[in-house]
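Good morning, and thank you for coming. Please look at the sequence and the structure on the screen while I speak.

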Amino acid sequence: MVNSVVGVRGLTVRRGGRPVLRGVDFEVERGSVTGLLGPSGCGKSTLMRAIVGIQIVESGAVEVLGLPAGHAGLRDRIGYATQNPALYGDLTVTEALRYFASVLHAPRSDVHRVITEVGLEDHANAMVGQLSGGQKSRASLAVALLGSPELLVLDEPTVGLDPVLREELWALFHSLAASGVTLLVSSHVMDEAARCQRLLLMREGLLLADDTPDGLRRRTETQDVEQAFLRLIKENV
Ligand SMILES: Nc1ncnc2c1ncn2[C@@H]1O[C@H](COP(=O)(O)OP(=O)(O)OP(=O)(O)O)[C@@H](O)[C@H]1O
């Protein structure tokens with residue numbers, strides 16, 4: 001693929017002695033929003049960890065922005081938001097973001113920008129430890145947006161958010177993609193799939209499909225991604 005930002009080849013990962021990723025291959029194109037979908041436990045977070053270079057892999061290769069995953073040269077070029085944000089609970093949102101901005105050598109002005117982008121203006125001075133689950137995950141997303149990452153790897157960024165906030169975050173993801181940022185966004189909510197340009201459907205460590213939402217519906221002769229997913233499972237058993 002021309003303009004590939006992520007290239008995964010034959011990726012196999014074991015965790016706790018069990019195979020979690022079983023020979024996964026795909027590429028992610030620059031400036032796209034790719035959805036990583038599949039049921040709980042299918043390996044989405046593990047795949048994301050491999051892409052950001054924090055997962056021990058058994059075999060295969062993961063290349064990001066032309067470098068092997070985990071390369072020191074990628075540190076400032078990837079933004080990663082996990083499901084369990086590691087933010088200091090006894091700092092305010094603003095203080096926590098100032099800290100990460102200095103670690104990442106991001107401009108101080110970024111702090112205000114990212115707080116606004118994730119809709120946390122009203123909680124800028126709240127202690128991180130007193131935020132709700134959805135607010136904490138937005139604070140984690142704000143950290144990922146600091147600086148100018150070329151690739152954003154977002155693990156379930158919209159989980160627990162109300163429909164208005166979800167809508168706003170998806171609009172933000174698309175505007176970032178339009179400016180050339182590449183986004184890989186995981187979700188186990190199939191209705192978020194239609195918002196992605198490309199979908200990676202996973203099940204039990206295998207990639208069942210790598211297609212556009214339209215392509216997937218056409219190929220499986222279904223109306224929505226949930227039905228397509230079920231059809232693919234039937235075909236694969
Ligand atoms: N630290 C760990 N040690 C051993 N096994 C693990 C560990 N973390 C995850 N696993 C296992 O790896 C498999 C894939 O987990 P992973 O977190 O990648 O799934 P997921 O698709 O992201 O799930 P969810 O949607 O629930 O977050 C699961 O079977 C899980 O039990």
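This is a predicted model: local features need pLDDT of at least 70, side-chain atom pairs count only at pLDDT 80 or more; totals for chains, interfaces and linings use all residues.

I begin with the shell around the ligand, which by class has 2 nonpolar, 8 polar and 2 charged residues. In this classification Ala, Val, Leu, Ile, Met, Phe, Trp, Tyr, Cys and Pro count as nonpolar, Asp, Glu, Lys and Arg as charged, and the others, Gly among them, as polar. Residues are numbered from 1 along each chain as its sequence is written.

Which residues are around the ligand? They are R15, G16, V20, G38, S40, G41, C42, G43, K44, S45, T46 and H188; a residue is near a molecule or strand if its C-beta atom, placed from the backbone, lies within 6 Å of it. Helix α1 gives the most to this shell, with 3 residues. Helices (H or I, at least four residues) and strands (E, at least two) are DSSP runs, numbered from the N terminus.

Let us turn to the sheets. An open sheet of 4 strands has the order β2-β1-β4-β5, and its pairing is antiparallel; two strands pair if DSSP finds at least two bridges between them. At its edges are β2 (18–29) and β5 (67–68), each of which pairs on one side only. Strand β4 (residues 59–64) is joined to β5 by 2 bridges, and the two run antiparallel. Within this sheet, E63 stands opposite P68 in β5.

Helix α1 (residues 44–52) lies across β1 (4–15), β2 and β4, and runs at about 120° to β1. Axes are lines fitted to C-alpha atoms, for helices over the stretch in contact, and angles run from 0 to 180 degrees between N-to-C directions.

There is also an open sheet of 6 strands, with mixed pairing and the order β6-β7-β8-β3-β9-β10. Its edge strands are β6 (78–81) and β10 (206–211), each pairing on one side only. From one strand to the next, the twist averages 15°. Strand β7 (residues 151–155) runs parallel to β6, and 4 bridges join them. Here I78 stands opposite L151 in β7. Helix α1 packs on this sheet too, touching β3 (33–37), β6, β7, β8 (182–187) and β9 (198–203), and its direction makes about 155° with that of β7. Two residues are in contact if their C-beta atoms, placed from the backbone, lie within 7 Å.

Finally, the helix pairs. Helix α2 (residues 93–103) and helix α3 (residues 110–117) pack at an angle of about 125°, with their axes 9 Å apart. They are therefore oblique to each other: angles under 35 degrees count as roughly parallel, over 145 as roughly antiparallel, 65 to 115 as roughly perpendicular and the rest as oblique. V93, T94, L97, R98 and A101 in α2 meet D110, V111, V114 and I115 in α3. The residues of this contact divide into 6 nonpolar, 1 polar and 2 charged.

How are α2 and helix α4 (residues 133–145) packed? Their angle is about 30°, with the axes 10 Å apart, and the two are therefore roughly parallel to each other. V93, A96, L97 and F100 of α2 make the contact with A139, A142 and V143 of α4. By class, this contact has 7 nonpolar residues, no polar and no charged.
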